[in-house]
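Student: Hi, could you walk me through this model? I'd like to begin with what sits inside.

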Amino acid sequence: MSLSIRNQLPGTVTAVTPGEAMATVRVRLTGGQDLTAAITREAAEQLRLTPGAAVRALMKSTEVSLATAPIEGLSIRNQLPGTVTDIAAGAAMVSVRVTVEGGELTAAITGDAAHDLALSPGIPVVALIKATEVSLATA
């Protein structure tokens, strides 16, 4: 199956915490970072997610925000440090490619935001991704 989701990072499940309707799933990405996904409990059961299971973490580029430094006191669980490698500017939106340990992410942000952050290739950034915006896929 082909997907339009550009951000696909491989990893291994390290923990699953089921709740009444939702489950949080901790994933150790191949680059060594930890990522949290909040998915339905039913999905976690159907995917048979257990520690050690190989998964791909999927995130739409429109759901990836960028900061120029780590942010404390924020409910966004996933903060992946990286470096801007490319910027493709459109009339209103900008596609920013970021290299992170073990992979690459694309963030679609407004041109104003890219300008305000002074983004350019080589600039260190932190990719911010809410746990509810991370989907998981198995082979």
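**The core and the fold**

Tutor: Happy to! The largest nonpolar core has 33 residues, and Leu66, Leu80 and Leu136 have the most contacts inside it. A nonpolar core here is a set of buried Ala, Val, Leu, Ile, Met, Phe, Trp, Tyr and Cys residues joined through side-chain atoms within 4.5 Å. Buried means under 20% relative accessible area, exposed over 50%, and partly exposed in between (1.4 Å probe, protein chains only).

Student: Which strands each supply at least two residues of this core?

Tutor: Among them are E1 (7-18), E2 (22-29), E6 (78-89) and E9 (124-129). In general, nonpolar side chains tend to be buried together in soluble globular proteins.

Student: Before I go on, what kind of model is this?

Tutor: It is a predicted model: local features need pLDDT of at least 70, side-chain atom pairs count only at pLDDT 80 or more, and totals for chains, interfaces and linings use all residues. Residues are numbered from 1 along each chain as its sequence is written, and side-chain values use heavy atoms, leaving out hydrogens and water.

Student: Back to Leu136, then. What is it in contact with?

Tutor: Leaving aside neighbours within four places in sequence, Leu136 is in contact with Val25, Val27, Ala37, Ile39, Leu47, Leu49, Val55, Arg56 and Ala57. Contact means heavy atoms within 4.5 Å.

Student: How many helices and strands are there in the protein?

Tutor: The protein has two helices and 10 strands, in the order β-β-β-α-β-β-β-β-β-α-β-β along the sequence. These are DSSP runs numbered from the N terminus (helices: H or I, at least four residues; strands: E, at least two). The radius of gyration is 15 Å, close to the 14 Å that the globule rule gives for 139 residues, so the protein is as compact as a globular protein of that length. That radius is taken over C-alpha atoms, and the rule is 2.2 Å times the number of residues to the power 0.38.

Student: And what does the C-alpha trace span along its principal axes?

Tutor: About 45 × 35 × 25 Å. Of the 139 residues, 35% count as buried.

Student: New topic: where does Arg48 lie?

Tutor: Arg48 is in the loop between helix H1 (41-46) and E4. Its phi is near 55°, a positive value in a residue other than glycine. Arg48 is exposed, with a relative accessible area of 69%.

Student: What about phi of Ala118?

Tutor: Phi of Ala118 is also positive, near 55°. Ala118 sits in the loop between helix H2 (111-116) and E9, and is exposed at 51% relative accessible area.
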